[in-house]
Amino acid sequence: MKFEFSISLKYFLILIIILKFINSSHTINFDDEIYTQYSPFAAFRILDKTSIFGTTSPFKPSSGQLYLVETEADLTKLLNDNPSHTLVVVIDTAVYNKDNLEKLVDKLKLAGIIVIGGTIPATGFSPEKVYPDREADMCLHPNSDYIWNPYGTSLLYERFYIPIVYLLLETESEKMRELARANVESDKYPKNGADFQMFMEASIDSKVCLRRETCDPIGGESVWGFLGGVQNQSRPYILLQTSLDSRSFFPGFSPGGDFPSSGIVTLIAALDALLKFAANDTDAFYQSLQRDIMFAFWESESFGKVGSRKFISDVLSFTCDQWTNEWKTQCDDPKRSSMAFKSVNLSNIAFIVELGQTGLYDNISNYAFKSNGYLHYEYDNPENVPLSDSFINLTDFSNSQGLNISHLEKSDPATPGLPPSSAETFISLLGTQIPAILISDFNQNYTNKYYSSIFDNVQNLDLDQLQGIATATARIAYAEATQTLPENVPLEIVADQALISQLVDCFVGTTYCDLFQNFLGSISGTYFSSNYPGIYATDTISIHSKFIRDFITNSTNSTCDPNYCTTDEDCNSALQVCVNYACHSITAYFHPAYSNGVEYDPDNDKFNIVDFGLDHLWTESRWEGIELRSFQINNPSINAAMLVGGILLFLLYYFLIWIQKKKSFFF
Amino acid sequence: MDPSTPLTEEQKIKVAKKMYIAGFFFLPWLWFCLAIYFRKEKNEILQKYVKKAYFGFFVFTFFLLTWMAVFLSQRDRWGVKGDNLSVNIPYGDSNYDS
């Protein structure tokens, strides 16, 4: 007995060892045979201080049969049929809008919704409100019922209890379409199904989820600086600014074409034009300035305007709890990589020029200018009128000289004043009547039919339009800063259209573009450029912010230390940064952009809520993973049959054993 | 405990008394065990213990269940205090939505 046992044990051990060698993974995994994985963009959960927005899946993956909806007729048929089993609706972008989503969610038993396809809805679609940010405390017209965004549906401010995702990649999108179509074409099993795993950990609101560490504040790094690093405390300066971010219903994919990329591209091109002109004779240029030029790209403006607010509140009242070194150039708690903002004097702002949405071309006048712009400003500040008149004079004159410069017009007096913009923050917080003019491609309402949506992409943008606005901004800045008359502004100050084209490819298309590669080296991360700021991280800078700082620093032609470097720390002086493997003097700074209602606690590596007042405290929920899988579903009656069959088999065996015990002489 | 040598009455009373006192340390199920174990005894004193144990068990369980119901449904409404009282706070949606 014992001998036999030990032999079989030996064979058993040999078998185990052989299996270990054959099977390289530790478990036998059938997942690849059963499931097809996708990489969706999810409408994940975003919270503010009172509410929850976005979608989530239940804790256990929810699954259902795929059902394809490609036209309105399909949708009506589905709603009438109202099948009894759980569905996953696959909806084409042509019929993707808030009404249809709500109809689906209200009427049907759904496990989730998958948005597929590349067709852009012709009737326009915007998930933002009709007056974006009107409830925010920085809005200058909180009681206005004016409609800036006529396509707005406020989808971003809804909450769904089922997951909704978007498949961007064409291969995945078409595969899902085929699977869903196969379900409709035949009634036979097996059918195709899908399940979602995107359980959102945060709950209730931002205050609670920050306390429980189930969410993180949304933010990033704004980029600001003075042109050429020239800042003279005793004289006023002009502030050129724009927003750096946007969002969409699927925040991970926010292409942000007309908003905000047109503004970003225009401002970078304008600064580039000025810097190229300055490079001809640097000393003469900066000596001719009677006012300095400050530029700023504010991050996270879509989330309570935190970029501009944080900067202003830091300039006015920042105190450092723990300095990095005795020279007090950097602060560790709260973390600020540079204290240069302390030298900014906000009462010296001569006026603000903000670039809103500037990329859509609208042929508005008989003269067929290649580029048009509207000037928006607050009506209760009398200084805005002569200022806008001087802009118009300058651009009209430059137009007559044959340059491609925007034809500017004042906006319709029926508008309430400034549209939603970062300039509102300055006027609200600084209390003084700062002249502020916003240049945009729209007059009474947004001409952008896809404001803040997944459809606001490069097709929206016109390169001549962008060049015109950029040239206008550069020449206006030069004329006002050096106090020269329109006829004396040098003809060479013109924006470079080739650069604009490259910038558009990078900011709206893919981060793997040539321009980004040249400045930032190898890029890792998402392929598609997204303008969603993401969560604030103290040690990572987003690609867009880093590129803007590096590009401007490089163009400023500051003293180039030929020492080779790869990171900022490699450069000898604290006043230098590493751009393109060489050390340059800093002329553009990062500034943290996150809600004033939270402060980072480096000891515990978490965000603590401080007195936030009216701030909205936008946060993004945490999650374990976002997954979408498809698989085949068996006829449910097979499961029932297996259960019944199994029970019968069990009863049969029980009966046989009972017989055997009763009548043991049979066996 | 050897079934061949059953406990004497005195020993049973001692055991019952120990179980009864121990039950006061937030151990209602010990009271329940006491009641079930000695339910067939005829002794007066043991019967009294059984009665007291049943009483204690039901009263304690009543309060425990009430507290559980209140805590689980209202904990989110209590803000910081609620979180501090919790050993484990489940992720995701709760019944409380402001």
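**Reading disulfides and helix packing in a predicted model**

Modeller: Buried residues make up 55% of the 667 residues in chain A. Keep in mind that this is a predicted model.

Colleague: How many helices and strands does chain A have?

Modeller: Chain A has 16 helices and 27 strands. Its C-alpha trace spans about 120 × 60 × 45 Å along the principal axes. Take the contacts in chain A with a separation of 6 or more: residues 24 or more positions apart account for 78% of them.

Colleague: Now the disulfides. How do I read one, and how many are there over all chains?

Modeller: Look for a pair of cysteine sulfur atoms within 2.5 Å. By that rule there are three disulfides over all chains. Begin with A:C209 and A:C215, whose sulfur atoms lie 1.9 Å apart. The angle about their S-S bond is 80 degrees, and the link is right-handed.

Colleague: Are A:C209 and A:C215 buried or exposed?

Modeller: Both A:C209 and A:C215 are buried.

Colleague: Why does A:C320 count as buried?

Modeller: Buried means under 20% relative accessible area. A:C320 has 17% relative accessibility, so it counts as buried. A:C331 has a relative accessible area of 2%, so A:C331 is buried too.

Colleague: What about A:C506 and A:C513?

Modeller: A disulfide joins them, with an S to S distance of 1.9 Å. The torsion about their S-S bond is about 115 degrees, so this disulfide is right-handed. A:C506 and A:C513 are both buried.

Colleague: Let me try two other cysteines. How accessible are A:C139 and B:C33?

Modeller: A:C139 is buried, with a relative accessible area of 6%. B:C33 is partly exposed, at 42%.

Colleague: On to helices. What describes two packed helices?

Modeller: The angle between their axes and the distance between the axes. Take helix α3 (residues 72-81) and helix α4 (residues 98-107), both of chain A: they pack at about 15 degrees, with their axes 11 Å apart. Angles under 35 degrees count as roughly parallel. That makes α3(A) roughly parallel to α4(A). The crossing of α3(A) past α4(A) is left-handed.

Colleague: Which residues make the contact of α3(A) and α4(A)?

Modeller: From α3(A), the contact uses A:E72, A:L75, A:L78 and A:L79. From α4(A), it uses A:N100, A:K103, A:L104 and A:K107. By type, the residues of this contact divide into four nonpolar, one polar and three charged.

Colleague: At what angle do helices α7 and α13 of chain A cross?

Modeller: Helix α7 (residues 257-280) and helix α13 (residues 497-509) of chain A cross at roughly 145 degrees, and their axes come within 10 Å. α7(A) passes α13(A) in a right-handed crossing.

Colleague: Which residues meet there?

Modeller: On α7(A) they are A:G257, A:S261, A:I264, A:V265, A:I268, A:A269 and A:D272. They meet A:L499, A:I500, A:L503, A:V504, A:F507 and A:V508 in α13(A). The contact of α7(A) with α13(A) divides into 10 nonpolar residues, two polar and one charged.

Conventions:
Residues are numbered from 1 along each chain as its sequence is written. Chains are lettered from A and ligands numbered from 1 in the order in which they are written. This is a predicted model: local features need pLDDT of at least 70, side-chain atom pairs count only at pLDDT 80 or more; totals for chains, interfaces and linings use all residues. Side-chain values use heavy atoms; hydrogens and water are left out. Buried means under 20% relative accessible area, exposed over 50%, partly exposed in between (1.4 Å probe, protein chains only). Axes are lines fitted to C-alpha atoms, for helices over the stretch in contact, and angles run from 0 to 180 degrees between N-to-C directions. Helices (H or I, at least four residues) and strands (E, at least two) are DSSP runs, numbered from the N terminus. Angles under 35 degrees count as roughly parallel, over 145 as roughly antiparallel, 65 to 115 as roughly perpendicular and the rest as oblique. A crossing is left-handed if the near helix is turned anticlockwise from the far one by less than a right angle, and right-handed if clockwise. Contact means heavy atoms within 4.5 Å. Ala, Val, Leu, Ile, Met, Phe, Trp, Tyr, Cys and Pro count as nonpolar, Asp, Glu, Lys and Arg as charged, and the others, Gly among them, as polar.
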